[in-house]
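Q: I have a structure open and have not looked at it before. Can you walk me through it?

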Amino acid sequence: MPDRNVTGREADLRAEVERLLEPYRDVRLHCGVFPDSTVGLDEMRFSFVHLDLDLAGATRAALDYFHPRLVPGGILIGDDYDDPQLREC
């Protein structure tokens, strides 16, 4: 699945993350705007999900999407937990 085009500092950061994760097999980055970034992933199961969405509605939608697709023992990390609106998700 193609990710949205990234340029400048964002592209540099993505390249750095890809370099750091390169030794680990079966790691896939799915960057983009949720839920568009999940097109074609409905049958996948996840062992690790990192969400950095910043908005309560998008965070709730992502939790609803990913939580049932986690493998037993899977990890789902949400960024911005200090935001009171996101804690309610």
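**Aromatic residues and the core**

A: Start with Phe34, which counts as buried because its relative accessibility is 18%, and the cut-off for buried is under 20%. Keep in mind that this is a predicted model.

Q: OK. How many aromatic pairs does the count come to?
A: The count comes to 4 aromatic pairs. One of them joins Phe34 and Tyr65: the ring centres are 6.0 Å apart and the planes stand at 75°, so this pair is edge-to-face.

Q: Where do Phe34 and Tyr65 sit in the chain?
A: Phe34 is in the loop between helix 1 and strand 1, while Tyr65 is in helix 2.

Q: What about the rings of Phe34 and Phe66, how are they placed?
A: Their centres lie 6.1 Å apart and their planes are at 40°, so that pair is tilted. Phe66 belongs to helix 2 and Phe34 to the loop between helix 1 and strand 1, so the contact ties together parts 32 residues apart in sequence. Phe66 also counts as buried, at 9% relative accessibility.

Q: Which residues do the ring pairs link into a cluster?
A: The cluster consists of Phe34, Phe46, Tyr65 and Phe66.

Q: What lies over the face of Tyr65?
A: Arg69 does, at 3.9 Å from the ring centre.

Q: Switching topic. Which residues make up the largest nonpolar core?
A: That core has 9 residues: Phe34, Leu41, Phe46, Val49, Leu51, Ala62, Tyr65, Phe66 and Leu70. Strand 1 and helix 2 are the elements that give two or more residues to this core. As background, nonpolar side chains in soluble globular proteins tend to be buried together.

Q: Tell me about Val49. Where is its place?
A: Val49 is in strand 1. Its relative accessibility is 5%, so Val49 counts as buried. From Val49 to His67 the C-alpha atoms are 9.1 Å apart in space, and the two residues are 18 apart in sequence.

Q: Stepping back, how many helices and strands are there?
A: The chain has 3 helices and 2 strands. From the N terminus on, they run α-β-α-β-α.

Q: How much of the chain counts as buried?
A: Of its 89 residues, 19% count as buried.

Q: Now pockets. What volume does the largest pocket have?
A: About 1200 Å³.

Q: How many residues line the largest pocket, and which lie nearest its centre?
A: The lining has 33 residues, and Arg28, Leu29, His30, Cys31 and His50 lie nearest the centre.

Q: Which elements supply at least two residues of that lining?
A: Helix 1 (8-21), strand 1 (46-51) and helix 2 (56-66) each do. The largest share comes from strand 1, with 6 residues.

Q: Last one. How do the residues of the lining divide into nonpolar, polar and charged?
A: The lining of the largest pocket has 20 nonpolar, 6 polar and 7 charged residues.

Conventions
Residues numbered from 1 in each chain as written. Predicted model: local features only at pLDDT ≥ 70, side-chain atom pairs only at ≥ 80, totals over all residues. Heavy atoms only, no water. 1 Å grid on protein atoms, 1.4 Å probe; cavity = no way out; pocket = protein on both sides within 12 Å on 5 of 7 lines; lining within 4 Å. Points joined across faces, edges and corners; volume = space filled by probe spheres on them. Helix = DSSP H or I, 4+ residues; strand = E, 2+ residues; numbered from the N terminus. Nonpolar A, V, L, I, M, F, W, Y, C, P; charged D, E, K, R; others polar. Phe/Tyr/Trp six-rings, centres within 6.5 Å; stacked < 30°, edge-to-face > 60°. Buried < 20%, exposed > 50% of the residue type's maximum accessible area, 1.4 Å probe, protein only. Lys NZ or Arg CZ within 6 Å of the ring centre and 35° of its normal. Core = buried A, V, L, I, M, F, W, Y, C linked by side-chain atoms within 4.5 Å.
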